[in-house]
Amino acid sequence: MRKKIVAGNWKMNKSYSEGLSLFSEVLNMVKDEIRGEQAVVVCAPYIHLNALSALAKESNQVFVGAQNVHQEASGAYTGEISTEMLSSVGVEYVILGHSERRQYFGEDNALLAKKVDATLKNNLKPIFCIGETLGERESGQHFNIIKSQLAEATFHLSAEDFSKIVIAYEPVWAIGTGVTASSEQAQEIHAFIRKEIAAKYGTEVAEDITILYGGSCNPKNAGELFAQKDIDGGLIGGASLKSRDFIDIVKVLNS
Ligand code: PGA
């Protein structure tokens, strides 16, 4: 049975003390809300990771993730953080390929393939983001874009390694805009992603992969989105910054 996940992406928000309070609230509230094959992941800025991992230690269903990582193991890369450093403070997940990293920091599929390798090598799980822009959707290129983002950055992996990845479909036009993909639009792409994975790695691998939806997901629309056959939870930006909203989305996994 594939894992259901609600992951929060705090982006560049929250001071150290604000982050600690938010995470403590989430930990407290989440305790009674998650079941067996479910996980909550909080992807916070680097400065929070050590403290949050220590707080999450007791929980086997709440995990801490980073929002990016460098592809090299160590060296003269001023300002960067390696996978080994993340592992050393108990981080378990890393968001890779977020559209903001692609757009503002020039990350392309070739670079992301290296980041995926470095991440898996250190036993961290990538939450690998893919998604089309509005222009790409309007010109009917969305399936091709999704396919190339997926294939160019992850299809070099063995089936065993690929199985450790979480995919997040995040249409760029829905991120932070308040415009959500309809549940039909999201399901259509999720089914397409699963089909592409099945063609490459077989049905068993495809059926086991967790595919999250991201883009203006909130407590009101999460129910309909998560009810879709191929949507296994969400990657939540804005709504992960308020503990109540985030937990209300986590609760949807059980409804
Ligand atoms: P949003 O962000 O929920 O604020 O749209 C989602 C994301 O960027 O992961």
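Helix H1, formed by residues 16–30, lies across strands E2 (38–43) and E3 (62–66), and its direction makes an angle of about 150° with E3. The structure described here is a predicted model. A corresponding description applies to helix H7 (residues 142–154), which lies across E5 and E6 and runs at about 150° to E5.

Strands of a sheet pair through backbone hydrogen bonds, in either a parallel or an antiparallel sense. In this model, eight strands close into a barrel in the order E1-E2-E3-E4-E5-E6-E7-E8, with parallel pairing. From one strand to the next, the twist averages 25°. The pairing of strand E6 (residues 166–169) with strand E7 (residues 211–214) is parallel and extends over three bridges.

Helix H2 spans residues 46–56, and its buried residues include His48, Leu49, Ala51, Leu52, Ser53 and Ala56. The packing partners of the buried H2 residues are H1, E2, E3 and helix H3 (83–88).

Empty space within the model was examined next. Rolling a probe the size of a water molecule over the atoms shows where empty space is left. With a threshold of 30 Å³ or more, the count comes to one cavity. The largest cavity has a volume of about 40 Å³. Its lining consists of Gly97, Ser99, Arg102, Cys129, Ile130, Gly131, Gln149, Glu170, Val172 and Ile175. Helix H4 (99–105) and strand E5 (125–130) are the elements that give two or more residues to this lining. By class, the lining of the largest cavity comprises four nonpolar, four polar and two charged residues.

The largest pocket has a volume of about 420 Å³. Its lining is made up of 14 residues, of which Lys11, Met12, Gln67, Arg101 and Phe105 are the closest to the centre of the pocket. Helix H4 provides the largest share of the pocket lining, with four residues. Seven of the lining residues of the largest pocket are nonpolar, four are polar and three are charged. Helix H4 therefore contributes to the linings of both spaces: H4 gives two or more residues to the largest cavity and four residues to the largest pocket, under the numbering of helices as DSSP runs from the N terminus.

Key: Residues numbered from 1 in each chain as written. Predicted model: local features only at pLDDT ≥ 70, side-chain atom pairs only at ≥ 80, totals over all residues. Heavy atoms only, no water. 1 Å grid on protein atoms, 1.4 Å probe; cavity = no way out; pocket = protein on both sides within 12 Å on 5 of 7 lines; lining within 4 Å. Points joined across faces, edges and corners; volume = space filled by probe spheres on them. Nonpolar A, V, L, I, M, F, W, Y, C, P; charged D, E, K, R; others polar. Pairing = 2+ DSSP bridges. Axes fitted to C-alpha atoms, helices over the stretch in contact; angles between N-to-C directions. Contact = heavy atoms within 4.5 Å. Buried < 20%, exposed > 50% of the residue type's maximum accessible area, 1.4 Å probe, protein only.
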